[in-house]
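Tutor: Here is a model to work through by question and answer. Have the sequence and the picture side by side.

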Amino acid sequence: MPNHITAGAFARARAAEVSAMLKAATQTMGSSHVFQALPKHMRRRATSHNTKRLPRRLRDVANRMKRKSLLAGLKKKKEPVKSKSRKARRRHGNLLMEFNRRQRKNIWLETHIWHAKRFHMVKKWGYCLGVRPTYKCYRPCYRAMSSHCLLQDLSYYCCIELKGEEDKLLAALTQLTCKEAGMSNFRDLRGRAFCGLKKKKKEPVKSKRDGTRLPTSPVTWRSSSTGLVINDLTMEIIRYRLIGPQSHSVLAETLEAATVCDELKSSPLWWPEHCKDRSNMKLHQQQTDVFNVLKGIYSTGELPPGTVLGLTVDDPRLTLPRQKVKAAPCVNQDQGDEEKRNQLMLQGVPLQCCQSFLWERSVRENVTDNKISEQELNRMRSELLVPGSRLGPGPQQGRVPVLLVHQPGKQVGDELGSWGAGWDLLLPKGWGMAFWVPLVYRGVRVAGLHMSLKHSQNKAAPHFPHDYPDCPAGSRFQEEQEAEFLDTFRRHPPAKRTNYIKHGCLAPFRCPWQQLAEEWELLATDGGADRKGDGQTQMTRKSHEVVEEVTSQQNVAAASPPSCFTVLRNRRSLRLLSSWCRPPTCRRQRWGRGAAAAALPLSDSAVTSFHAAHKMSVVWVRLTLLSKGKPEAHAMLCVPTAEDLKLFGKSPESCGPQEPPHKDHYKSRINRKKKSAKTATPSQESDHQTASTDLHSPSDLILGLWPDPLPSVASHCSRVTLGWVTQGDFSLSVGRGEALGFVSVSGLLHTLLKQPPELRGTLLLRNPASLHYRFVRVNIDV
C-alpha cells in the first residue's frame, strides 16, 4: 500500500469509474418493466392493473405490454411428451429398438443382458464387457479355477482365418515369430491343425472398432503373390473359455454328439444332407469316440497342450436339467477304455479329428438361420405326452458344429504344474445363450475381466496388455491407467492424499521403463559401481553423475534419437539368467547336477558378454515375498545393501529396512501460490501468467506428485531402483504375497555379482505409499 495519496490524481483516476457507475444507475434497461421506471414513491400495486394511474408518457408502452401478455396467455402451451409406460417399453419391438440404439458406440456380446443383470459393466475395446460380479465371489472363483470350473465369455477376441498352401502359410507365419523366443508356434501345424488353419498361441488381439466398418461385417484380404487368404471372422464365431480341472466334465455333461439323421427327403438343414456322405459319418464317429474317451479323464491338465477336437453336437437346450447340478468326473470307468485314455493323454487327438465344419461359411449361416426359437421349443415341450420329459433330437432340431481347443495351464516354475488348464469352446454366432445357460446349469462359476488378470497372476504368465510395455498396446494401456489413477487421486482432498514426494516415490501411477533402461545402460557402459568393495554408496554417487551426464548429452546430441528399450524373450538367455538368480543349492534342485555344472558360471566376463548381447533390455520376473505383506501395482524393486543382507541372513523372516522420509520442496511453492492468488492485483496476475510458462511453475504442480521431467529414477531413494511391479496381490495358491514385474537386465546383473552366493536373488520391494522395504525372492520362470 502507498504511504500517501494525492487527491487530484486519485480523483482523475476514479472519474471514469464514477461516471460509468452513475450512467448504469440512471439509465433504464430496455428489457425492464414499465412500472420499474417509476420513482419509488409512485410505485403501487394498483398501477400494474390500472394503466390510468401511470404518467401519460408511459401509458402507451404499458398498454402494449398488457395486450402482449394477454395474447401470450391465450396461446396453448405445448404439452410435455409423456414417457411410455413400462409395459410399452418392455414390448419386444421397443426393446430391440432401444438395444440397437445403445449398441451404436459399443457392441454387445450375445451374453450381454445376462451379464448386465449380474456384473459391473465397462466399455473397453469397443465392447461392453463385464468386469466383476455384483456379489462377493473372489475366493469362490479361485476355488472354481483350482478344483472345478470357471466360465468366461471371450467373444470379443478377434478370430482370423487363414487359407492357403501349407508351405506358404508356414513361410509367411514364421516372419511373425522368433525361434529364439521359444518353440515355433506353427511347428506342429501338420499334427494339430484344424482345416489347415492355425492361430498363434500368443495372447489374441482385442478387436476394436476403427470407424471404417461394422465389426460384424466380414472382411477378406487376398495376397496376389502367395495366394493366401485372410478372413476376419470377428463376431462370426463365439468363444467361451472354461478354466479348471473339471472343465472336460462340464463339457461332457453339456454336449451330446449329434445323432445321425436317416431321412431321405431333401431338407433345408445342413445335417441331413451331410449324413448322406459315408466319409462324413466315418469322421463324425471317430470324433464321437474321442469325445466319449475324454469323459473318463480325471483332470483337464492331463491332456497334451494345444489339443484340438472338432465335433458336431445336438442342441444343448434339449438336455437342460431342471435345476442346477454340479458336474463331476465319471467314476465308473471301463477297463477296456484304459488303453484309449492313455493313448489320448500321450499322443493327443488324431489328425483327422481336428477338422470342423465350423469353418465353412455356408454351414454357419445355415445353423444360425434355422435355429429353433425358445418359444417354439417351449411349445414342443408342452405337447409331450409325459409332462416334464425331455425332447428327443429330431430332424427339425439343428445340429451345431463346435470346436474344442485345449488351453494349457501353468507351464513354468517348479510348483502347481498345469494349474489353470481348461478348454476353449468355439461356436457359430446366434447360439451364444443356447450354450451359455446349459453350461451355467452345470455348476460353473462365471467371471469377468478381473478374474482373467488373476488367472494370469496365479499361472505366473504375462497378461495382455498389462505385461507388454514394449508394444503400442502396452504403452497405451499404461497411459490410460495413469490417467485413471491420477483422476482418482485428484478427487480426494489434499489433506487425505498420500504425499508420494515425501515417500520417495517418483512415479506412483506409471513405470518409466525407458528412463530406467537408459540410466542403467549409461551406468554399465561407464563402468557402473566399482565391483570391489562397498558398492551401494558408490553406486548412488555414480548414478547421480551419470544423470548429469545424460542431461548434458541430450542438450548436445538432441538430433540422435535414443534407442527404445526391449523385453528380453530369448529363452536360452532367460535360462542362463534364471540359473544365476538362484542360490547354488536351489539351482541343483531345479536344473539337476549335470545341467547346473554345464551352465555358464556367474563371472565378470560372462556378465560383460551377456550385457553386450542384450542392451537396453528389461526382463520379466516373478517375486515372492519372504515375510508378510501384500505387494501393490507400481511398487519399487530395489537393491539391498550389505547391511540389509546381513540382517536377512540373521533372521530371514525380518520385515526389512525403512526408507527415511523425503522433503517436499514443492509444497511451499504451492502454498505461496495459493496465498498470492488471493491478494494479487491485475498487473500481478498478468505477470504470474507470463511466469507460468516456466518449468515447474506452481500452476502446473500437484501436491504430493513429482512434476515432469523426473529426476534420476535409479538413485532417488536410499536403495538403488531396479524396476517396478506391474501386478501384485496376495496369492491364494502359495499363501503369501506374490508380484510380477520387470527389472533392468544391466542392474540385475550388477546386483547378482555383488551378492553372496547363498543370498543371490534377494531384492527389496516397497509399495508406493509405504516407507517399509520387504525382502523378496526373484524368479525367472522359463
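Student: Which residues form one aromatic cluster?

Tutor: This is a predicted model, in which local features need pLDDT of at least 70 and side-chain atom pairs pLDDT 80 or more, while totals for chains, interfaces and linings use all residues. Residues are numbered from 1 along each chain as its sequence is written, and side-chain values use heavy atoms, with hydrogens and water left out. Rings of Phe, Tyr and Trp (its six-membered ring) pair if their centres lie within 6.5 Å; planes under 30 degrees apart are stacked, over 60 edge-to-face, and the rest tilted. One cluster consists of Phe 485, Phe 489, Tyr 500 and Phe 509.

Student: How many aromatic pairs does a search of the whole structure find, and what kind of pair do Trp 513 and Phe 742 form?

Tutor: The search finds 19 aromatic pairs. The rings of Trp 513 and Phe 742 are 5.5 Å apart, centre to centre, with 75 degrees between the planes, so by the angle rule this pair is edge-to-face.

Student: How many residues apart in the chain are Trp 513 and Phe 742?

Tutor: Helices (H or I, at least four residues) and strands (E, at least two) are DSSP runs, numbered from the N terminus. Trp 513 belongs to helix H18 (residues 513-525) and Phe 742 to strand E17 (residues 736-744). The pair links distant parts of the chain, and the separation is 229 residues.

Student: Are Trp 513 and Phe 742 buried or exposed?

Tutor: Buried means under 20% relative accessible area and exposed over 50%, with partly exposed in between (1.4 Å probe, protein chains only). Trp 513 has 4% relative accessibility and Phe 742 has 1%. Because 4% counts as under the limit for Trp 513, and 1% does for Phe 742, the term for each is buried.

Student: How many of the 9 residues of E17 are buried?

Tutor: E17 is largely enclosed by the rest of the structure.

Student: Which strand is joined to E17 by 7 bridges, and which by 8?

Tutor: Two strands pair if DSSP finds at least two bridges between them. The 7 bridges come from E14, antiparallel to E17, with Leu 623 opposite Ala 739. The 8 bridges, also in an antiparallel pairing, come from strand E16 (residues 721-731), where Asp 729 has Glu 738 as its bridge partner. The strands asked for are E14 and E16.

Student: Which residue in the turn of the E16 and E17 hairpin has a positive phi?

Tutor: The hairpin has 4 residues between its strands. With a phi of about 80 degrees, the residue is Gly 735.

Student: Which residues does Val 745 contact, leaving aside its neighbours within four places in sequence?

Tutor: Contact means heavy atoms within 4.5 Å. Val 745 is found in helix H27 (residues 745-754), and it counts as buried because its relative accessible area is 1%. Its contacts are Leu 568, Phe 610, His 614, Ser 617, Val 618 and Val 619.

Student: How far apart in space are Val 745 and Ala 517?

Tutor: In sequence the two are 228 residues apart. In space, C-alpha to C-alpha, Val 745 and Ala 517 are separated by 8.5 Å.

Student: Which residue of E3 is the bridge partner of Ile 107?

Tutor: E1 and strand E3 (residues 127-133) run parallel and are joined by 2 bridges. In E3, the partner of Ile 107 is Tyr 127.

Student: Over which ring faces do Arg 14 and Lys 371 lie?

Tutor: A charge sits over a ring if NZ of Lys or CZ of Arg is within 6 Å of the ring centre and within 35 degrees of the ring normal. Arg 14 is 5.3 Å from its ring centre, and Lys 371 is 5.5 Å from its own. The ring for Arg 14 is Phe 10, and for Lys 371 it is Trp 431.
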